[in-house]
Amino acid sequence: MTIPDTQDDPPPYAAWMDAALEEAEIARGAGDVPVGCVVVKDGEIIARAHNRREAENDPTAHAEIIALRRAAAHLGAWRLSGCTVVVTLEPCTMCAGSLVLARVDRLVYGATDPKTGACGSLFDIPRDPRLNHEVEIVAGIRDETCGKLLRDFFRERRRV
């Protein structure tokens, strides 16, 4: 999926977030926390992923980690310079640190996570000037939709 991203036009964050929301719905359908992520380079989505912790019994199988791995494989490089990561929920400390280590240029996220968010809520790892790389952050894209998806998922889990 290629979406124009020129200097004359604003980046299509909402369209990219829609793609991440599609991934989140896949996670929800599989019984995992509905978080989805896409990685964009030069206006093209080069990697997609959703949470797979339950499916893989893997505490590191967060959407962002899987998407970063897929993007690196696609590019044939671990440095993801020039990439934008779009995720439905503010990343945790593990994922925020991975964004820095991968040299991602920009993070776009939907809902904030006041309990474990590490991109402005509890911590601000991607913009910590003590680290060797800083990540630009754009927050709140489709935040109501992203938040509702998570609230509905956990409300349903409590009923069961």
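Guide: Contact means heavy atoms within 4.5 Å. This is a predicted model, in which local features need pLDDT of at least 70 and side-chain atom pairs count only at pLDDT 80 or more, while totals for chains, interfaces and linings use all residues. Residues are numbered from 1 along each chain as its sequence is written, and side-chain values use heavy atoms, with hydrogens and water left out.

Visitor: With which residues is Met-17 in contact, leaving aside its neighbours within four places in sequence?
Guide: Met-17 is in contact with Val-86, Val-87, Thr-88, Val-108, Tyr-109, Gly-110, Ile-141, Arg-142 and Cys-146, once those neighbours are set aside. Met-17 itself is found in helix 1, where helices (H or I, at least four residues) and strands (E, at least two) are DSSP runs, numbered from the N terminus.

Visitor: Why does Met-17 count as buried?
Guide: Buried means under 20% relative accessible area, exposed over 50% and partly exposed in between, with a 1.4 Å probe and protein chains only. Met-17 has 0% relative accessibility, and therefore counts as buried.

Visitor: What makes Leu-21 buried?
Guide: Leu-21 has a relative accessible area of 10%, so it is buried. Leu-21, also placed in helix 1, touches Thr-88, Arg-142, Thr-145, Cys-146 and Leu-149, not counting residues up to four places away in sequence.

Visitor: Why are helix 1 and helix 5 called roughly parallel?
Guide: Axes are lines fitted to C-alpha atoms, for helices over the stretch in contact, and angles run from 0 to 180 degrees between N-to-C directions. Angles under 35 degrees count as roughly parallel, over 145 as roughly antiparallel, 65 to 115 as roughly perpendicular and the rest as oblique. Helix 1 (residues 13-29) and helix 5 (residues 143-159) pack at an angle of about 5 degrees, with their axes 11 Å apart, and the two helices are therefore roughly parallel to each other.

Visitor: Which residues of helix 1 and helix 5 meet?
Guide: From helix 1, Met-17, Leu-21, Ala-24, Glu-25 and Arg-28 meet Thr-145, Cys-146, Leu-149, Asp-152 and Phe-153 of helix 5. The residues of this contact divide into six nonpolar, one polar and three charged, where Ala, Val, Leu, Ile, Met, Phe, Trp, Tyr, Cys and Pro count as nonpolar, Asp, Glu, Lys and Arg as charged, and the others, Gly among them, as polar.

Visitor: Is Asp-42 buried or exposed, and what about Gly-43?
Guide: Asp-42 has a relative accessible area of 70% and is therefore exposed, whereas Gly-43, at 0% relative accessibility, counts as buried. Asp-42 lies in the loop between strand 1 (36-41) and strand 2 (44-50), and Gly-43 lies in the loop between strand 1 and strand 2 as well. Asp-42 also has a positive phi of about 55 degrees although it is not a glycine.

Visitor: Which residues in helix 4 are buried, and what covers them?
Guide: In helix 4 (residues 93-101), the buried residues include Cys-95, Ala-96, Gly-97, Ser-98, Leu-99 and Val-100. Their cover includes helix 3 (63-75), strand 3 (83-89) and strand 4 (106-111). Arg-103, found in the loop between helix 4 and strand 4, has a positive phi of about 65 degrees although it is not a glycine.
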